Amino acid sequence: MRLRKRMLDDLDQDIRDHLERETQDNIERGMSAEEARYAALRKFGNVTRVKEETREVWSAVWLEQLLQDARFGLRTLWRSPGLTVAAVLTIALGIGVNVGVFSVLNGVALRLLPIPRAEQIVSVNQIFQGRFARNIHGESSMFSYPEYLDYRDHNHVFTGLVAYEPSVEATLSGGNVQQLVGTAISCNYFDVLHEHPGQGRGLVDSDCAVPGENAVVVVSDGLWRGRFAADPSLVGKRITLNRTAYTVVGIARPGFTGTEPNPSEFWAPITMEKALESGRDRLADDNMSWLALLGRAQPGVTMQQVRADLGVIAGRIDQLHPGRTTSLAIRTATFFGSPEERSFLIPVASVILAAFALVLLIACANVANLLLARATVRHKEIALRLSIGASRGRLVRQLLTESLLLSLAGGILGSLIAFWSFLKITQFLISHLPHGLPTFTVNVAPNIPVLVYALGLTLLTGIAFGLIPALQSSRLDLNTILKGDGAHSGPGKRSGRFLLNALVGSQVAVCMVLLLAAGLLLHGLYYAQTVHPGFEEKNVAQALFDLRAQGYDESRATAFVEHLLERIRGNPGVIDVALAECAPLSHDFSTDHFTVPGRADKVSIEYNHVSPEYFSVVGIPIVRGRGFRPGEAHDAPAVIVTESTARQLWPGQDPLGKTLREDTGREDSVIGVAKDAQVSHLGELNTTYLYFPAGPQDDLRTYVLVRYAGGFTDVAKGIRDASQSLDHDVSVDVIKLEDNLEIWRAPSRIVAALSGALGALALLLASIGVYGMVSYSVSRCVREIGIRVALGANGADIMSRVLWQAMRPVLIGGLVGVAVCAGVSQVLSSMLFGLSARDPIAFVCVPLFLLAVALIASYIPARRAMRVDPMVALRCE
Amino acid sequence: MSTKEQNERIELLQGTLDLLILRTLLLGPTHGHAIAKAIEFRSDDVLQVEQGSLYPALHRLIKRQWISVQEGTSENNRRAKFYRLTAKGRRQLAVETNKWEALAGAIARILRPAEREGES
């Protein structure tokens with residue numbers, strides 16, 4: 001602005017002219033020249049401030065000041081490199097771990113699907129209320145095929161709506177048998193998602209025209225390269241999935257692995273459902289949850305409009321199902337977006353983010369401590385600036401700019417390291433997951449939300465650790481300081497000390513919370529590693545035969561299983577073989593409702609179908625009655641209950657001969673009582689559990705459990721060979737039964753390792769904090785100590801005095817931390833296996849440990865106080 | 001940094017300096033020092049402006065385009081900036097004056113309750 005420049009350029013001259021005129025007037029009034037000059041100046045006021053205020057009139061001044069502050073800040077920081085490096089590294093550490101963790105959470109739960117124009121894609125889930133029955137294959141919030149068609153054909157908000165069944169397992173035969181995970185999709189899937197296959201075509205509507213016809217498939221780029229060696233002529237060839245030949249019509253774009261976190265290797269028409277997974281006809285079932293829905297919203301359509309429009313359809317469907325009310329959960333689509341997954345993810349993510357934020361808080365307190373200590377050194381500079389007319393607000397702003405510069409440097413450094421290292425860490429973790437957990441992909445690369453989070457956190461951090469020291473150090477008693485008694489008249493000695501103590505106290509409190517949580521988790525982990533599950537997990541091999549998925553019907557399956565068991569029994573080293581619907585701790589659960597005759601309420605009890613040999617193979621003793629007899633078929637009305645079940649259902653009575661009524665009306669009588677064992681959830685004792693005899697229906701999907709003596713590899717090979725010799729196309733994966741325990745222990749182990757590392761980090765930062773605080777306060781009372789020594793105090797007195805001053809905030813903070821953690825542990829214990837909220841070992845050991853560390857951290861600088869030479873101390877100021 | 005002088009004179013209310021400057025310029029364009037003098041003189045020296053504060057105010061008025069500035073020569077033949085009321089400033093002066101009179105009247109009425117009660 002030209003006017004602005006001209007006005008400001010002339011300002012100095014204008015003011016000089018003004019003063020000259022006033023001086024002239026005063027001389028004319030009879031003053032001496034010197035007197036006149038002073039009177040004029042007095043009347044004019046503070047020239048510098050007038051100039052400053054005038055400049056401020058021309059607005060953009062804040063920008064100028066900011067640049068000025070930044071330049072000044074950089075110079076100041078440059079002059080004390082030690083402090084700057086320490087502060088930047090501390091902040092980098094604090095922000096780095098937070099940003100890294102957030103980028104993982106972002107990849108897991110916030111990132112849009114990796115497809116073109118993903119912001120238009122909307123996931124639809126239903127949440128049911130009321131009393132009704134529904135078949136569930138997957139998650140309850142999914143849709144049936146007729147429901148999908150209704151939503152697809154009657155909505156007015158989508159350009160297209162797709163349905164798919166995630167995680168369809170299929171056996172690829174021909175050459176080596178290979179187990180694949182794929183997706184059964186509605187044939188508009190590729191079109192609606194704007195996913196154009198790299199070669200060939202996607203599925204088109206005609207592929208879904210007739211159920212059971214059109215065996216076509218699109219395979220993933222990874223499968224094409226891995227299994228088919230990037231065969232350029234694969235499109236058009238036939239591959240065999242679950243005994244049906246499919247024509248490959250396309251190969252997906254490299255990098256496209258579907259719309260679920262676990263990568264899909266093939267996409268087949270949903271109308272081929274029955275060939276993929278034989279069993280009941282799901283396409284016709286209008287009351288079965290098995291399909292996930294994704295819609296592409298029309299341009300300009302808002303989320304509200306989508307909800308309103310689909311809500312009408314939901315209401316109409318509800319009328320067909322009396323007693324049921326459906327509400328729809330409609331969100332922009334992400335991985336892990338279903339209500340079930342989110343209700344788990346959100347609390348877990350909040351706890352994790354909170355824990356990491358606490359570490360950042362400790363780091364902030366440390367930096368604030370550093371800055372406060374330095375502020376003492378700078379008192380004279382600040383006092384001088386205040387006295388020549390700098391306003392307090394301006395000064396605070398300048399000090400804040402400095403701390404923001406520090407936090408920016410730390411934030412950028414920390415984020416860069418985090419982006420790199422968390423990429424590696426996640427890759428490492430994912431490739432080292434225990435056997436049996438599903439594979440999944442997480443994209444942790446930074447995107448806009450991560451960058452915004454990093455920037456926000458950085459600014460917040462800068463203000464958090466900068467504001468208190470800035471406010472504190474700009475509140476000075478100018479007179480005392482300028483008169484030279486610098487070191488002793490800080491920002492009110494008492495309040496300065498209080499602030500330091502409060503900072504250290506809160507650091508210790510936060511550290512205590514983290515360490516206690518880590519202690520609880522580690523103790524829980526120890527328990528998880530050593531707990532005996534109640535059955536003999538060693539020397540048992542486990543193999544799952546999902547024959548239904550491989551196209552078997554019941555009679556063929558029964559024949560297969562019969563021959564299989566015969567051959568396995570014939571192998572050397574095999575002691576006994578058993579069948580079970582659910583292997584112990586295999587994450588397969590079956591639950592049903594039962595009534596006890598004579599009681600009104602229904603009880604929900606988990607159950608298992610097992611062959612007679614099960615109890616001896618797995619090592620669960622029958623304590624009363626008898627086990628199942630060979631030939632006691634699935635239909636025999638016999639049941640074996642566990643001890644806890646007997647206690648809970650028939651307290652104080654003999655359970656043998658008692659009956660349980662199923663929902664179907666069938667009554668089963670108790671023939672035996674088995675010892676309690678943690679076969680369903682590791683760590684859950686005394687839960688109810690029932691065993692029914694296995695029958696022919698169970699052969700379609702059954703676990704084969706083999707107790708062996710000798711080497712596992714031979715037994716595993718024996719099982720695989722037996723299966724191959726019966727049917728070359730059946731794929732089978734043999735693992736040790738004890739591997740199942742690993743899967744249960746893995747989450748505790750990961751969380752314990754994580755919290756242990758976090759706790760160690762917190763401890764390191766907090767002990768630096770305590771150390772810094774004590775050495776600072778010792779350095780401030782050197783003269784006081786000198787006087788005391790001169791007057792005859794001995795070293796021990798001074799030592800205990802200094803230590804007591806240092807430990808007081810530590811003790812208070814520690815107590816607060818213990819109290820907070822007592823609350824937190826309630827939450828943790830409900831989420832993690834084997835954790836008890838009131839763990840005496842953790843609650844005694846951790847505080848003692850922390851106190852010891854704090855004591856050492858204060859002892860080292862306190863020793864300096866003892867060695868103060870009174871002569872030096874008294875002379876030095 | 002407050003001086004005794006400041007305590008004895010009547011401090012200007014926030015924003016009133018702008019009004020006084022505009023009113024002074026109504027008599028004709030003049031330079032900074034003369035404006036300060038005029039305000040003191042016309043208020044019988046009751047209002048003593050801290051002269052420096054005139055400059056931020058002048059710049060503020062220029063920015064709002066209530067006054068304009070041009071180079072000129074002062075009475076003793078020296079180069080100086082002459083400030084002149086613009087049409088916009090003239091209108092603003094009318095508005096501000098009315099506001100001020102209303103305010104002053106209202107305060108005066110409150111401060112002299114006895115007289116008014118006597119009248120009624």
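A residue is termed buried if 20 or more other C-beta atoms lie within 10 Å of its own, exposed if 12 or fewer do so, and partly exposed in between, with C-beta atoms placed from the backbone. The model described here is predicted, so that local features need pLDDT of at least 70 and side-chain atom pairs count only at pLDDT 80 or more, while totals for chains, interfaces and linings use all residues. Residues are numbered from 1 along each chain as its sequence is written, and chains are lettered from A and ligands numbered from 1 in the order in which they are written.

By the burial criterion, A:Val715 is buried, with 26 other C-beta atoms within 10 Å. This residue is placed in helix α20 of chain A, where helices (H or I, at least four residues) and strands (E, at least two) are DSSP runs numbered from the N terminus. Leaving aside residues up to four places away in sequence, A:Val715 touches A:Ala541, A:Asn571, A:Gly573, A:Val574, A:Val706 and A:Tyr708; two residues are in contact if their C-beta atoms, placed from the backbone, lie within 7 Å. A:Val574 is 141 residues from A:Val715 in sequence, yet the C-alpha atoms of the two are 7.2 Å apart in space.

Chain A contains 25 helices and 23 strands. Of its 877 residues, 41% are buried. Among contacts in chain A between residues at least 6 apart in sequence, 82% join residues at least 24 apart. Chain B has 6 helices and 2 strands, which follow the pattern α-α-α-α-β-β-α-α along the sequence. In chain B, buried residues make up 26% of the 120 residues. Of the contacts in chain B with a separation of 6 or more, 49% are between residues 24 or more positions apart.

The two chains touch through 20 residues of chain A and 16 residues of chain B. On the chain A side, the elements that give two or more residues are α1 (2-28), α2 (33-44) and α3 (47-57). The greatest contribution to this side comes from α1(A), with 9 residues. The residues of chain A that touch chain B divide into 8 nonpolar, 4 polar and 8 charged. In this classification Ala, Val, Leu, Ile, Met, Phe, Trp, Tyr, Cys and Pro count as nonpolar, Asp, Glu, Lys and Arg as charged, and the others, Gly among them, as polar.

Helix packing was examined within chain A. Helix α20 (residues 712-726) packs against helix α17 (residues 554-570) at an angle of about 140°, with the axes 9 Å apart. Axes are lines fitted to C-alpha atoms, for helices over the stretch in contact, and angles run from 0 to 180 degrees between N-to-C directions. Angles under 35 degrees count as roughly parallel, over 145 as roughly antiparallel, 65 to 115 as roughly perpendicular and the rest as oblique; α17(A) and α20(A) are therefore oblique to each other. A:Phe560, A:His563, A:Leu564, A:Arg567 and A:Ile568 of α17(A) meet A:Gly718, A:Ile719, A:Ala722, A:Ser723, A:Ser725 and A:Leu726 of α20(A). This contact has 6 nonpolar, 4 polar and 1 charged residues.

A second pair is formed by helix α6 (residues 145-154) and helix α10 (residues 303-320) of chain A, which pack at an angle of about 140° with their axes 10 Å apart. The helices α6(A) and α10(A) are therefore oblique to each other. From α6(A), the contact involves A:Glu147, A:Asp150, A:Tyr151 and A:His154, and from α10(A) A:Leu310, A:Ile313 and A:Ile317. By class, 4 nonpolar, 1 polar and 2 charged residues take part in the contact of α6(A) with α10(A).

In helix α12 (residues 379-387) of chain A, the buried residues are A:His379, A:Ile382 and A:Ala383. They cover an arc of only 100° around the axis, which puts them on the same side of α12(A); the arc is that of the directions from the helix axis to the C-beta atoms.

Backbone geometry was also considered. Most residues other than glycine have a negative phi. A:Arg117, although not a glycine, has a positive phi of about 50°. A:Arg117 lies in the loop between α5 (81-110) and β1 (121-129) of chain A and counts as exposed, with 11 C-beta neighbours inside 10 Å. A:His194, likewise a residue other than glycine, has a positive phi near 60°. The loop between α7 (189-192) and β5 (199-200) of chain A holds A:His194, which counts as partly exposed with 15 C-beta neighbours inside 10 Å.
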